[in-house]
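Work through the exercises below with the sequence and the structure at hand. Each task is followed by a solution in steps.

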There are 2 protein chains.
Amino acid sequence: MSFLDQISEPTLLLNEAIARANIGRMAEKAKRHKVRLRPHFKTHQSRQAGEWFREEGITAITVSSVKMAQYFARHGWQDITVAFPLNRRQLPQITELAQQITLHLTVTSADDVAFLREHLAAPVHLWVKADTGYGRTGIKTEDTVVLEAVLAELKQTPQHTFSGFLAHAGHSYKARSHESIAAIHQETLTKMRGLKERYSSTWPKLQLSIGDTPSCSTMEDFSGIDEIRPGNFVFYDLTQNLISSCRLEDIAVALACPVVALHPDRHEVILYGGAVHFSKDALQQPDGAVIFGLVVPLTESGWGEPLPETALVSLSQEHGIVRTTPELFSQFEIGGLMGVLPVHSCLTADLMKGYVTLEGKQLEHLSGVTQRHS
Amino acid sequence: MSFLDQISEPTLLLNEAIARANIGRMAEKAKRHKVRLRPHFKTHQSRQAGEWFREEGITAITVSSVKMAQYFARHGWQDITVAFPLNRRQLPQITELAQQITLHLTVTSADDVAFLREHLAAPVHLWVKADTGYGRTGIKTEDTVVLEAVLAELKQTPQHTFSGFLAHAGHSYKARSHESIAAIHQETLTKMRGLKERYSSTWPKLQLSIGDTPSCSTMEDFSGIDEIRPGNFVFYDLTQNLISSCRLEDIAVALACPVVALHPDRHEVILYGGAVHFSKDALQQPDGAVIFGLVVPLTESGWGEPLPETALVSLSQEHGIVRTTPELFSQFEIGGLMGVLPVHSCLTADLMKGYVTLEGKQLEHLSGVTQRHS
């Protein structure tokens, strides 16, 4: 009996071999460029997947919440960067973590530094968030007045270590070609290296950390950079494929969904699999249409290539609508299972709360382990 | 000390008084129109919120998954409709439930009926899903050939009770005025009553069940209808407000989010609160811009009116960006909390996995109780 026979509701399948290959490739690239790979664990949020990184020699990681830092600290990770603006309301949790592990925090203002000097006794490493053009948060690299105010506060905060500048060129997610990723990456490199040049006489140990999956996956110039923090690359997804960060065959997760109804008149297939499984993140196709996933046939050894002219075109809370061609419609049968490659694997994994590998192993995800209000 | 002082990470606040008023109003309306209110519990998915319905005399409920049916059956609900196309892969779970409670299932084809005749020994009630124009799933009411094939199978399936036709006019969610809801509702009524007229000589006990929140909230004609199944009305949200199903003051949930960074140059505020808390469901505003929530000040007794010209304009995994006016920008401070009214309360509640009432009570949500792979 195939492991597929055991699946009765939407289930996130994880091809461990693909994920391990993705990790191995990035680890090798980091070694080749002599940068530290501090992978972002927000995509998998799984202690078991974390071990695959450890086997590649990874000892330092990135997370995007204090809760995630607590989880991975419980599972033996001793060097963690919270790459999210300091949340002052979590000072007690931060203090506890700082007493247990080597904790790195992200500050976005001089006031953040002053707050930590006054309120956090346990020593931490501080990274100043630099905005190299994404425009979400951080200090613009050209805003020397604000930057120098932060550095002045850091000088007065000897109990914490100023590690350097941390950037996330998240605008690379809007890129749709190698050339546009390259342009964003070069701008980030230029701006970050500029910071090092400007401030390294005062702070000789100042480091630079960057970390979006598109740039880390496709670029080959990391000179001057000390650390990279990509996350999504462990699984990739359709967004990364559209950006040209990965091939379709590098996508390591697919959602297995039961087929519950067929509409032969419009070649539509209703899946048990909706917004609470996939997330509502959508991908605009070149023709302007929006899709929520591509459909792949499931086999005992994983999944095949996406079916042509077939996509998940609509999601409600628990339903998904797949539209296909008259020719392919007959591949679907009520009671059967179909695979769907997700648009955004981070959000899909968070919703699914766990994984099943092709070998039938169950892996946990933080969102299935703890309750937010426990 | 206010209960707000206890909040250190994104927390879904629930104003119990508003939710109870929403329930009371719908229960009163159902009584007035002599229809059975079988509320859809997919929005709250909470045993505690379920009790508020019981206090209004509700004994029969609707859910959208077998898992939800199992959860509410465990908490004493004895009459449950799974308003989702039959998922044959969950036959063992369905069988177990059918042995415990009065279970109603939704079928979308003659083949579904034959399957249940052959494979489900425990008796259930069957509803034939009718498509009155939404176009998601179900049999089009004018498709008499298919309908009669289903009815013929039902005649041969005496162990299960044919209850009637069930519709969900989900296209009312695209409505943006009372008039357009009315047009959709009238079409649904006409089509559903037509089914009753056509088939009640053969099936004199045949019932009609409809159930979208916009129609049930705003319409006053339910003649010929036996049952309504609205769900979202317990909390409402910004989508329902835009549809004109509710007033802003009827929205019973708001997400409390810590402020973690300020960008005075662009009047943007960074919240700890992102796609994994809100969902990526967005609302297109009349001016074409997309928003993910409206911002409300939090007080000890709940929240105030939305701040003008202020909205959650962007979400990444854990970050939210609020854009406001130069005048209102000073209301935000790092380390403070802001409230956000969600675009789609069902998805936000599913992601948040639980609630805190204004009295500080913690209420559970099914997604925080069980793991999908437990």
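**Exercise 1. Salt bridges across the interface**

Find the residue of chain B with which K140(A) forms a salt bridge, and state how many salt bridges there are between chain B and chain A.

Solution. The model is a predicted one.
Step 1. The partner of K140(A) is D265(B), with the closest N and O atoms 3.1 Å apart.
Step 2. The cut-off for a salt bridge is 4 Å, so the pair K140(A) and D265(B) qualifies at 3.1 Å.
Step 3. Between chain B and chain A the count is six salt bridges.
Step 4. The count of residue pairs in polar contact between the two chains, both residues at pLDDT 80 or more, is 25.

**Exercise 2. The side of chain B that touches chain A**

Describe the contact between chain B and chain A by residues and by buried area.

Solution. 
Step 1. Contact involves 67 residues of chain B and 67 residues of chain A.
Step 2. About 5,700 Å² is buried between the chains, and carbon and sulfur atoms give 49% of this area.
Step 3. On the side of chain B that touches chain A, the residues comprise 23 nonpolar, 25 polar and 19 charged.
Step 4. Helix α11 (residues 345-352) of chain B gives the most to that side, with five residues.

**Exercise 3. Relation of the two copies**

What rotation and what shift along its axis superpose chain B on chain A?

Solution. 
Step 1. Two copies of a chain are related by a rotation about an axis and a shift along it.
Step 2. Here the rotation is 180 degrees and the shift 0.0 Å, with an RMSD of 0.0 Å.
Step 3. This is the relation of a two-fold axis.
Step 4. In chain B, the C-alpha nearest the axis belongs to K280(B), at 2.6 Å.
Step 5. The same surface serves both copies, as 100% of the contact residues of chain B recur in chain A.

Conventions. Residues numbered from 1 in each chain as written. Chains lettered and ligands numbered in written order. Predicted model: local features only at pLDDT ≥ 70, side-chain atom pairs only at ≥ 80, totals over all residues. Heavy atoms only, no water. Contact = heavy atoms within 4.5 Å. Buried area = accessible area lost by both parts, 1.4 Å probe. Salt bridge = Lys/Arg side-chain N within 4 Å of Asp/Glu carboxyl O. Polar contact = N/O pair within 3.5 Å; in protein donor to acceptor, adjacent residues only side chain to side chain. Helix = DSSP H or I, 4+ residues; strand = E, 2+ residues; numbered from the N terminus. Nonpolar A, V, L, I, M, F, W, Y, C, P; charged D, E, K, R; others polar. Least-squares fit on C-alpha atoms with pLDDT ≥ 70 in both.
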